[in-house]
Amino acid sequence: RKKVTLNTLQNLYKKREPITMITAHDFPSAHVADHAGMDMILVGDSLAMVALGMEDTSEVLLEEMILHCRSVARASKSCFIVGDMPMGSYEISPTQAVTSAIRLIKQGRIHAVKLEGGAVMSDAIAHITRAGIPVLAHIGLTPQRQNALGGFRVQGKSAASALRLLHDARTVQAAGAFGVVLEAVPAEVAAYVTRALRIPTIGIGAGNGCSGQVLVQVDMTGNFPPGRHLPKFVKRYGDLWGEASRAIESYREEVKSRAYPATEHEYPMAKEDFAEFER
Ligand code: KIV
Ligand code: NA
C-alpha cells in the first residue's frame, strides 16, 4: 500500500470518498489499524483513559503523548498519523503551541497535530501551519474543555450555537487547518458546515454528511468490560474484551487442571542425554 499523505487526503476529499480515521495508542493498536487499510491514525489524548487509566484527558503530558506517538509511528507503514496536543501544551501562546507541535513531530515521529478549539485557537493554528506542520482542528464537543462546556454535551444544537460552530469552522480553515474534527454535533449542522468548507470534516457523533469519520479503537472493537457506558454514536464492531477474557479464563483453567502445557508445547530431549544427566 502507498503511503497516505496530505495529497492523498485532498484527493479523497475532491472525489468525495469518505476518509477513514481511527485512534491508536501503541504498537499493536497501530499495527492492526495500518493492516486494516485505514487512511489516518489519530494518537488521541483519549489514550489517557484507554491506555493509562487516567480519569480524563486533561491529565496526560506532552512527554507521554510523545512516547505513545513514537510507538504508533514504528507500527504504521502507510497511514497518515495525527497526534493530539495535550491540554496545557498550546493554549498559553502561539509560541508555546509551535514549540509543542515541533516536539510532537520531531520526537513523536508523526505527520500532523490536532488541537481543540475554534476561533480562539486560530493564531496557534496559523503559527504551527507556518512552521510546516499540518494542523487538524477539533471543534464541537472538545473534551479538554469539558469543564467550561458543562460536561460532555452535544454542541451546535441551538441556532446560535450552530452559527458559532460554523464561524469556528470557517476561522480554523482560514488559519490554515487542513481539516477539522466535528465532535457531537447534530447531523444536519455537520453536513451544512461540511458543505460550507473547502477542507475535509472528520466526524465523530456528527452524522453521515462529513468528509470522513473517526472512532476510538477500544470503543469500536469492544475492548472494554461489560456495563461501560458508551456514547450514542459508537458502533461496536467487535467483542475484543470477550475474546481476550475467554482466552485468559481458558488458559487459567488449563494451568490449574494441568491440561496446559501439553506434550506438543514441550521441548524434546534425547532419552540417553536425560539418562546421563540423571546419573
Ligand atoms: O482523543 C481522541 O481520541 C479524539 C477523538 C475522539 C477525536 O480526540
Ligand atoms: Na482528543
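This is a predicted model: local features need pLDDT of at least 70, side-chain atom pairs count only at pLDDT 80 or more; totals for chains, interfaces and linings use all residues.
Figure 1. Of the 279 residues in the chain, 40% are buried. The chain holds twelve helices and eight strands, and its C-alpha trace spans about 85 × 40 × 40 Å along the principal axes. Among contacts between residues at least 6 apart in sequence, 58% join residues that are at least 24 apart. The chain is divided into domain 1, which covers 6-238, and domain 2, which covers 252-278, and the C-alpha centres of domain 1 and domain 2 lie 51 Å apart.

**Figure 2. The closed barrel, with the pairing of E5 and E6.** Eight strands form a closed barrel in the order E1-E2-E3-E4-E5-E6-E7-E8, with parallel pairing. Neighbouring strands of this sheet are turned by 25 degrees against each other on average, when direction is ignored. Five bridges pair strand E5 (residues 135-140) with strand E6 (residues 179-183) in the parallel sense, and Leu-136 stands opposite Gly-179 in E6. Helix H9 (residues 187-196) packs on the sheet, where H9 touches both E6 and strand E7 (201-204), and the direction of H9 makes about 170 degrees with that of E7.

**Figure 3. Strand E4 and its pairing with E3.** Strand E3 (residues 80-84) and E4 run parallel and are joined by three bridges, with Lys-114 in E4 as the bridge partner of Asp-84. In a regular strand the side chains alternate between the two faces of the sheet. Both faces of E4 are covered, with Ala-112, Lys-114 and Glu-116 buried on one side and Val-113 and Leu-115 buried on the other. Five of the five residues of E4 are thus counted as buried.

**Figure 4. The largest nonpolar core and the surroundings of Ala-137.** The largest nonpolar core has 68 residues, of which Met-40, Ile-41, Val-43, Val-135 and Ala-137 touch the most other members. Helix H4 (residues 62-75) gives the most to this core, contributing six residues. Ala-137, when its neighbours within four places in sequence are left aside, is in contact with Leu-115, Ile-125, Val-172, Ala-177, Val-180 and Val-181.

**Figure 5. Ala-175 in helix H8.** Ala-175 lies in helix H8 (residues 159-175), and Ala-175 counts as buried because it has 20 C-beta neighbours inside 10 Å. Leaving aside neighbours within four places in sequence, Ala-175 is in contact with Ser-122, Ile-125 and Ala-126. Ala-175 and Val-135 are 40 residues apart in sequence, and their C-alpha atoms are 9.6 Å apart in space.

Figure 6. In helix H2 (residues 27-35), the buried residues are Ser-29, Ala-30, Ala-33 and Asp-34. An α-helix has 3.6 residues a turn, so residues three or four places apart point the same way. The buried residues of H2 pack against strand E1 (19-23), strand E2 (40-43), H4 and helix H10 (217-220). Just after H2, Gly-37 takes a positive phi of about 85 degrees.

**Figure 7. Positive phi at Arg-109, in the loop between H5 and E4.** Most residues other than glycine have a negative phi, and most peptide bonds are trans. Arg-109, a residue other than glycine, has a positive phi near 60 degrees, and Arg-109 is found in the loop between helix H5 (94-108) and strand E4 (112-116). With 17 C-beta neighbours inside 10 Å, Arg-109 counts as partly exposed, since the partly exposed class takes in residues with counts between the exposed limit of 12 or fewer and the buried limit of 20 or more.

**Figure 8. The loop between H11 and H12, with Arg-258 and Pro-261.** The loop between helix H11 (240-256) and helix H12 (271-278) holds Pro-261, and a cis peptide bond, with omega of about -5 degrees, joins Tyr-260 and Pro-261. Arg-258 also has its place in the loop between H11 and H12, and phi of Arg-258 is near 60 degrees, a positive value in a residue other than glycine. Arg-258 counts as exposed because it has 8 C-beta neighbours inside 10 Å.

How values were computed. Residues are numbered from 1 along each chain as its sequence is written. Chains are lettered from A and ligands numbered from 1 in the order in which they are written. Two strands pair if DSSP finds at least two bridges between them. Helices (H or I, at least four residues) and strands (E, at least two) are DSSP runs, numbered from the N terminus. Axes are lines fitted to C-alpha atoms, for helices over the stretch in contact, and angles run from 0 to 180 degrees between N-to-C directions. Two residues are in contact if their C-beta atoms, placed from the backbone, lie within 7 Å. Domain bounds come from an automatic or database domain assignment. A nonpolar core is a set of buried Ala, Val, Leu, Ile, Met, Phe, Trp, Tyr and Cys residues joined through C-beta atoms within 7 Å.
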